Amino acid sequence: ARARAHADLNAFLPLDEAAETEAFHAAARASDARRAAGQALGPLDGVPLAHKDVFVTTDFPTTAASRMLVGAQGPYRSPFDATVVAQLKAAGAVSLGKLNCDEFAMGGANEHSAFGAAKNPWDATRIPGGSSGGSAVAVAARLLPAATGTDTGGSVRQPAALCGVTGLKPTYGRCSRHGMIAFASSLDQAGVLARSAADCALLIDAMAGFDPLDATSAEFAGAEPNRPGLIGAQLAARRAAATDPARPLAGLRIGLPREFFGEGLADTVRAAVQQGLEQLRALGATLVDVSLPRTELAIPVYYIIAPAEASSNLSRYDGVRYGHRAEGAKDLLELYRKSRSEGFGAEVKRRIMIGTYVLSHGYYDAYYLQAQKLRRMIADDFQAAFQACDLIAGPVTPTVARPLGAGSDPVAEYLADIFTLPASLAGLPGMSVPTGFGEGGLPVGLQLIGNVWQEATLLHAAEAFQ
Ligand code: GLN
């Protein structure tokens, strides 16, 4: 009811309200019955949440916020649940529906959704960020305590920052990608948005784990088998080891990459992030200077690799197997052409064209191969920085949330991803934690980046900070 009352925020996609209501009541009844029967309850028993609409679900339709997945019989219905959806269900969580996002998760403002943008609850004339915009809005407006999201180049961390909630993108390979509609497979990771780091920990702990159905899912997270419950156990050990309650981060070295604090960072954002860093120091952390010298190159590298993979992943939408099919095509080629022209939005088409170009004969070496080499160097820069620190901190976004409708320049939009792309290219876990307010009283996020499999270190620092 609360979600319906805030329909103006456009956080939920109105795909099948009857199914939403029915699935919610059925799951809530099942949870009540388990409680009444004195059965063992899952760690999230009865907890309401909702999924970004790029996770396929059996209880609800799935569209990836694209017309391409809405056919003559209505929106696409998956015969199976995404693995992370199934794991959250198994932990007892109750799903309320599907959340708005940029089409196929391509964007940073939620304005590329076929269903219109979700609105920032702090100021409904502003973007919520993206691509997991609906997830951030639903949590920020208190429609839900937590939501899933996906992060390919910042799509959990950036909307979390702009809406003043906490977001976590885990290490690449930590969560299964099975049933997560593919954007750029070597970068895509499931993540969570919630009101606090402790809540993010509960969700990610249930979502994590090796899945034989995803070839890039990790069997091991460091020395331990990658399984649900591992992050929670590691976090509990960190909490227990912090014996001085006034200085829970004593001994933790936090690196500040000088490239994250250069020109282009809005003064009010810089001030809020500085304030957060002072707070981390007061909690016992040591702040050290580090360098990530190829930070600026993360933008061209990502905007070659992500569209290249997207152009390949999206070739499955041919108007034949599922989704939108154009009327009146006279041959197969025309069917493909018309279905794809009608089904995909402008940003998706732009990425398909860029991706096809950089992969084509004669350009592959100049663009794609070069980008792959630089990607490795960006990852190496992080490993060099982690010689001197345990976590890295900086801003999530260069500015606070901009007004809706002002994003007509795609290049300007891509440049705003500068602080989130490096960790994505390196496969590292990252968080956005609210750190006060900037211009216009709008929320600002502090980004924390860990080394691979260091989610518990990240979550522990983030919850001490909160
Ligand atoms: N804003 C970035 C893009 O448009 C990141 C999107 C994402 O992480 N899904 O590609």
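Predicted model: local features only at pLDDT ≥ 70, side-chain atom pairs only at ≥ 80, totals over all residues.
Two strands count as paired if DSSP finds at least two bridges between them.

**View 1. The whole chain, before we zoom in.** The protein chain carries 15 helices and 14 strands. Its C-alpha atoms fill a box of roughly 70 × 65 × 45 Å along the principal axes. For 466 residues, a compact globule would have a radius of gyration near 23 Å, and the 21 Å of the protein chain agrees with that. Buried residues account for 55% of the 466 residues. If you take contacts between residues at least 6 apart in sequence, 75% of them join residues at least 24 apart.

**View 2. The shell around the ligand.** Here 13 residues surround the ligand. The closest are Ala-105, Gly-108, Thr-152, Gly-153 and Ser-155. How does the shell divide by residue type? It splits into four nonpolar, seven polar and two charged residues.

**View 3. Strand 6, with a partner strand at each pairing.** Strand 6 (residues 166-169) is covered on both faces. Thr-166 and Leu-168 are buried on one side, and Gly-167 and Lys-169 are buried on the other. Three bridges tie strand 6 to strand 7 (residues 189-194), and the two run antiparallel. Look for Leu-168 standing opposite Val-192 in strand 7. Strand 6 also pairs with strand 13 (residues 430-437), again antiparallel and over three bridges. In that pairing, Lys-169 has Gly-430 as its bridge partner.

**View 4. Strand 14 and its two antiparallel partners.** Eight of the eight residues of strand 14 are buried. One side holds Pro-443, Gly-445, Gln-447 and Ile-449, while the other has Val-444, Leu-446, Leu-448 and Gly-450. Strand 12 (residues 391-395) joins strand 14 through five bridges, running antiparallel. Which residue of strand 14 does Ile-392 stand opposite? That would be Ile-449. Gly-430 stands opposite Ile-449 too, and Gly-430 is also the bridge partner of Lys-169. The hairpin of strand 13 and strand 14 has five residues between the strands, and Gly-440 takes a positive phi near 70° in it.

**View 5. Trp-453 and helix 15, towards the end of the chain.** Trp-453 sits in the loop between strand 14 (443-450) and helix 15. Its phi is positive, about 65°, even though Trp-453 is not a glycine. Is Trp-453 buried or exposed? With 23 other C-beta atoms within 10 Å, Trp-453 is buried. Helix 15 (residues 455-465) has 10 of its 11 residues buried, so it is largely enclosed by the rest of the structure. Among those buried residues are Glu-455, His-460 and Glu-463, along with Leu-458, Leu-459 and Phe-465.

View 6. Ala-65 has a positive phi of about 55° without being a glycine. You'll find Ala-65 in the loop between strand 1 (48-52) and strand 2 (70-71). Ala-65 is buried, because 33 other C-beta atoms lie within 10 Å and the cut-off is 20 or more. The peptide bond from Gly-130 to Ser-131 is cis, with omega near 10°. Ser-131 belongs to the loop between strand 4 (94-99) and helix 4 (133-140).

**View 7. Ile-418, a loop residue with partners elsewhere in the sequence.** Ile-418 is in the loop between helix 13 (410-415) and helix 14 (421-426). Ile-418 counts as buried, with 22 C-beta neighbours inside 10 Å. How far apart are Ile-418 and Ala-298, C-alpha to C-alpha? They are 6.9 Å apart in space, despite being 120 residues apart in sequence. Ignoring neighbours within four places in sequence, Ile-418 is in contact with Thr-295, Ala-298, Ile-299 and Pro-398.

Terms used
Residues numbered from 1 in each chain as written. Near = placed C-beta within 6 Å. Nonpolar A, V, L, I, M, F, W, Y, C, P; charged D, E, K, R; others polar. Buried ≥ 20, exposed ≤ 12 C-beta atoms within 10 Å, placed from the backbone. Helix = DSSP H or I, 4+ residues; strand = E, 2+ residues; numbered from the N terminus. Rg over C-alpha atoms; globule rule 2.2 N^0.38 Å. Contact = placed C-beta atoms within 7 Å.
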